[in-house]
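Dear colleague,

Please find below the structure that I am handing over to you.

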Amino acid sequence: MFTGIVEELGSLGSIEHGSDSAVLRINGATVVSDARHGASIAVNGVCLTVVDHDEHGFTVDVMAETLRRSSLAGIAPGDPVNLERVMPADGRFGGHIVQGHVDGTARVLGREPGDRWTVVRIELPHQLSAYVVEKGSITVDGVSLTVASVDEDSFTVSLIPTTLALTTLGHRAVGEPVNLEVDILAKYTERLLAGRLGARSATEEDA
């Protein structure tokens, strides 16, 4: 499990494309300081498994499903990436519960610079809109953020100087894709309520 607190702004060193997969070499010295084979590291919010590493970075395999559902399909050598190791059992819970399972991608629609922050508007895919609420949590490119406002097809987040300087969100231009992961608690709640309402409807029909 992750918390959406980016530890390091790394970069893509190289990419080797297969017919329906890819092998990525990620540069990031901090996140490999205690890495081992099989460890999980979130790359732009995508949970990936370390297959090889040294003191400068690590290598991961990316399958077709991950490429289809995330912005990693369009990544190029030199591109910055947000990196986060899994949270240890005795670690601080700095953000919110993040699984590293991307729900979809969306485009940056606008940026409004403030005195010391920037308000970023991001499109909201219809299939994810039910899980996004004002003042709720959302993960954008692996960064745990609070939803500032939301409407039918977009939402905004306010980025403080630290987020702008130390994550990819400081560089994402209008039109660029970002990875979205909605709050898992909202999805579980929907599933539980759907089961209960369905059972109630069946009971009422039997009666």
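Predicted model: local features only at pLDDT ≥ 70, side-chain atom pairs only at ≥ 80, totals over all residues.

Buried here stands for a relative accessible area under 20%, exposed for over 50%, and partly exposed for values in between, computed with a 1.4 Å probe on protein chains only. Strands are DSSP runs of E with at least two residues, numbered from the N terminus.

Residues are numbered from 1 along each chain as its sequence is written, and side-chain values use heavy atoms, with hydrogens and water left out.

Strand β8 has pairing partners, where pairing requires that DSSP finds at least two bridges between two strands. With β7 (residues 104–113), strand β8 pairs in the antiparallel sense over 5 bridges. A hairpin of 4 residues joins β7 to β8, and Pro113 has Thr118 as its bridge partner in β8. Strand β11 (residues 154–159) also runs antiparallel to β8, and 6 bridges join them. In that pairing, Phe155 of β11 is the bridge partner of Ile122.

The loop between β8 and β9 (137–140) contains Ser129. Ser129 is partly exposed, because its relative accessible area is 25%. Leaving aside residues up to four places away in sequence, Ser129 touches Leu124 and Glu152; contact means heavy atoms within 4.5 Å. The C-alpha atoms of Ser129 and Phe155 are separated by 9.4 Å, and these residues are 26 apart along the chain.

Two backbone angles also deserve mention. Most residues other than glycine have a negative phi. Asn44, although not a glycine, has a positive phi of about 55°, and it is found in the loop between β3 (40–43) and β4 (46–53). Asn44 counts as buried because its relative accessible area is 3%. Asp141, likewise not a glycine, has a positive phi of about 55° and is placed in the loop between β9 and β10 (143–150). Asp141 is buried, with a relative accessible area of 0%.

With kind regards
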